[in-house]
Amino acid sequence: MNALQAAVALVGLVVFSAAAAGCAKSIEGLYPPAPAELVQPIYVINHGWHTGIAVRRAGIPEGVWPEHADVADSEYLEVGWGNREFYMAPEGTPGLALKAALWPTPSVLHVAGFDGPVPQFFRQREIVEILVSARGFQRLAAFIGDAYAKDGAGRTMVLGQGQYANSRFYAAREKYSLLKTCNTWTARALRSAGLPITSLYAVSAGNVMAQTRPLGRRINEQAAEWVDEVPPSGPVRQSPR
């Protein structure tokens, strides 16, 4: 267990103890979808230490997440958020992990485009497919769109090539910290769609998946506490976020 894992685990025990008395409820009018209401699938992906969200590009409403057009020619998009320096490093180091764990640091969005089916692209990853209302999906897309940092001219800032062939890193607006990690960000994004999920329980990927499994259909159920991520078009990277 590295320093980042140990620190987050400790905070997780404290936060979980404080929050265990209550459970999140659905946001009325957003989730669950009403009978005969149009729905959109979203996919929560367990990478072992961190989580991501994948969506169909065609379902993204016009104008709420305009940057999705930057990653062209793909059926799906997966989004992750995390510590900028660690996430973008060719290889994570204990020093980078400690820096990410000990004080607020800049964050980054990783946006990857790919063609389906989703479990074929993310082999040996646990995936939960959840059907959300069209309004909930729009709220989710808006949450992601709002996560980008902007320059003085209101433009997003591309920081470099992402981990996959068709992916990019973008500067993100919020700071990364022990209480605001990839997994709490994922939980907040899902909550924006109306799901009965709380970031208070989302200190690890396991916490996120435990909250999402009752809400959808499990795909590729194999997952580990800590895994080496093998991008479909790139080298092996160990990448906690």
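## Packing of α5 against α6

In this predicted model, helix α5 (residues 134–146) and helix α6 (residues 182–192) have axes that come within 7 Å and cross at roughly 140°. Two packed helices are described by the angle between their axes and the distance between the axes. Angles over 145 degrees would count as roughly antiparallel and those from 65 to 115 as roughly perpendicular; α5 and α6 are therefore oblique to each other.

On the α5 side, the residues that meet α6 are Gly 136, Arg 139, Leu 140, Phe 143 and Ile 144. Their partners in α6 are Trp 185, Arg 188, Ala 189, Leu 190 and Ser 192. By class, the residues of this contact divide into six nonpolar, two polar and two charged.

## Helix α5 and its surroundings

Helix α5 has 13 residues. From its first C-alpha to its last it reaches 18 Å, close to the 18 Å expected at 1.5 Å a residue. Its buried residues are Gly 136, Phe 137, Leu 140, Ala 141, Phe 143, Ile 144 and Gly 145. An α-helix has 3.6 residues a turn, so residues three or four places apart point the same way.

What covers these buried residues? The cover includes α6 together with the strands β1 (39–46), β2 (51–56), β3 (76–83), β4 (105–114) and β5.

## Leu 140

Leu 140 lies in helix α5. Its relative accessibility is 1%, and it counts as buried because the limit is under 20%. Leaving out residues up to four places away in sequence, Leu 140 touches Ile 42, Ile 53, Val 55, Ala 189, Leu 190, Ser 192 and Ala 193.

## Two buried glutamates

Glu 174 is in strand β7 (residues 167–176). With a relative accessible area of 14%, Glu 174 is buried. Which side chain makes a polar contact with that of Glu 174? The partner is Arg 188, at 3.1 Å. Beyond four places in sequence, the residues touched by Glu 174 are Trp 81, Ser 107, Lys 180, Trp 185 and Arg 188.

Glu 129 is in strand β5 (residues 126–133). Its relative accessible area is 15%, and Glu 129 is likewise buried. A polar contact of 3.0 Å joins the side chain of Glu 129 to that of Tyr 43. Setting aside neighbours within four places in sequence, Glu 129 is in contact with Pro 41, Ile 42, Tyr 43, Gly 216, Arg 217 and Ile 219. Ile 42 is also one of the residues touched by Leu 140.

## Backbone exceptions

Most residues other than glycine have a negative phi, and most peptide bonds are trans.

Ala 36 has a positive phi of about 70° although it is not a glycine. At 87% relative accessibility, Ala 36 counts as exposed. Gln 124, another residue other than glycine, has a positive phi near 55°. Gln 124 lies in the loop between α4 and β5 and is exposed, with a relative accessible area of 63%.

## The protein as a whole

There are seven helices and eight strands in the protein. Of its 241 residues, 51% are buried. Counting contacts between residues at least 6 apart in sequence, 74% join residues at least 24 apart.

Technical notes: Residues are numbered from 1 along each chain as its sequence is written. This is a predicted model: local features need pLDDT of at least 70, side-chain atom pairs count only at pLDDT 80 or more; totals for chains, interfaces and linings use all residues. Side-chain values use heavy atoms; hydrogens and water are left out. Helices (H or I, at least four residues) and strands (E, at least two) are DSSP runs, numbered from the N terminus. Buried means under 20% relative accessible area, exposed over 50%, partly exposed in between (1.4 Å probe, protein chains only). A polar contact is a pair of N or O atoms within 3.5 Å; within protein, one must be able to donate a hydrogen and the other to accept it, and residues adjacent in sequence count only if both atoms are side-chain atoms. Contact means heavy atoms within 4.5 Å. Axes are lines fitted to C-alpha atoms, for helices over the stretch in contact, and angles run from 0 to 180 degrees between N-to-C directions. Angles under 35 degrees count as roughly parallel, over 145 as roughly antiparallel, 65 to 115 as roughly perpendicular and the rest as oblique. Ala, Val, Leu, Ile, Met, Phe, Trp, Tyr, Cys and Pro count as nonpolar, Asp, Glu, Lys and Arg as charged, and the others, Gly among them, as polar. The expected span of a helix is 1.5 Å times one less than its number of residues.
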